[in-house]
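Subject: Structure handover

Hello,

Here is the structure we spoke about. My notes on it follow below.

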Amino acid sequence: MTSATRTTDVISIRQRVLPQPLFSLVLLAVWLLAQGKLELSTIIGGVVLALVLPALTYRFTDSFPKVRRLRPLIQYVVIVMWDILVANLVVARLILGSSRKLKPTFLEVPVKLTNPYAITIFAATISLTPGTVSSNLSGDRKTLLVHALTSDDPDAEIQLMKARYEAPLLEAFQ
């Protein structure tokens, strides 16, 4: 057996055992965070989950965007977590206050992302942030319709979503 054949065999085994290493890592991290305790059984369960789910689903993710740059993706996660925290406080204040302060509106957000998974991440992020919900993606995948609980300046809201969420995704995936 030549070294090239051995290398190919090792790569093939790795791809079967760990077809999506980043997905596996994220699954493990989310599992451990969700469990709230660091015990051997929790770690073993997380490792099994992180190995089995990607192995079962990798055939369905052939068009999943390749991460081109990891740093913008890490920054994106931090920004989203911060925005969710702040938005929770803002929405709580709005809900507990006078309903006259609410100015619900629909925003038409132009989308530059082209990969369906990246667009889904963008839309899901908007929906995860309290006070906004992604409600429709146009047939040509160029416009995302978003409902905002309140918006004094719709154009500024759109630019903020694009700058905070879409721009890092574009940098990370395309």
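The largest nonpolar core has 21 residues, and Val109, Phe122 and Leu144 touch the most other members. Such a core is a set of buried Ala, Val, Leu, Ile, Met, Phe, Trp, Tyr and Cys residues joined through side-chain atoms within 4.5 Å, where buried means under 20% relative accessible area with a 1.4 Å probe, protein chains only. Two or more residues each come from α4 (70-96), β1 (105-110), α5 (116-128), β3 (143-148) and α6 (154-173); α6 gives the most, six. Helices (H or I, at least four residues) and strands (E, at least two) are DSSP runs, numbered from the N terminus.

Leaving aside neighbours within four places in sequence, Phe122 is in contact (heavy atoms within 4.5 Å) with Val109, Val111, Leu113, Leu144, Met161, Tyr165, Glu166 and Leu169.

This is a predicted model: local features need pLDDT of at least 70 and side-chain atom pairs pLDDT 80 or more, while totals for chains, interfaces and linings use all residues. Residues are numbered from 1 along each chain as its sequence is written, and side-chain values use heavy atoms, without hydrogens and water.

The protein chain has six helices and three strands, in the order α-α-α-α-β-α-β-β-α. Of its 174 residues, 25% are buried. Among contacts between residues at least 6 apart in sequence, 71% join residues at least 24 apart.

In α2, residues including Phe23, Leu27 and Trp31 meet α3 residues, among them Ile43, Val47 and Leu53. By class, this contact has 11 nonpolar, six polar and no charged residues.

Regards

Methods:
Ala, Val, Leu, Ile, Met, Phe, Trp, Tyr, Cys and Pro count as nonpolar, Asp, Glu, Lys and Arg as charged, and the others, Gly among them, as polar. Buried means under 20% relative accessible area, exposed over 50%, partly exposed in between (1.4 Å probe, protein chains only).
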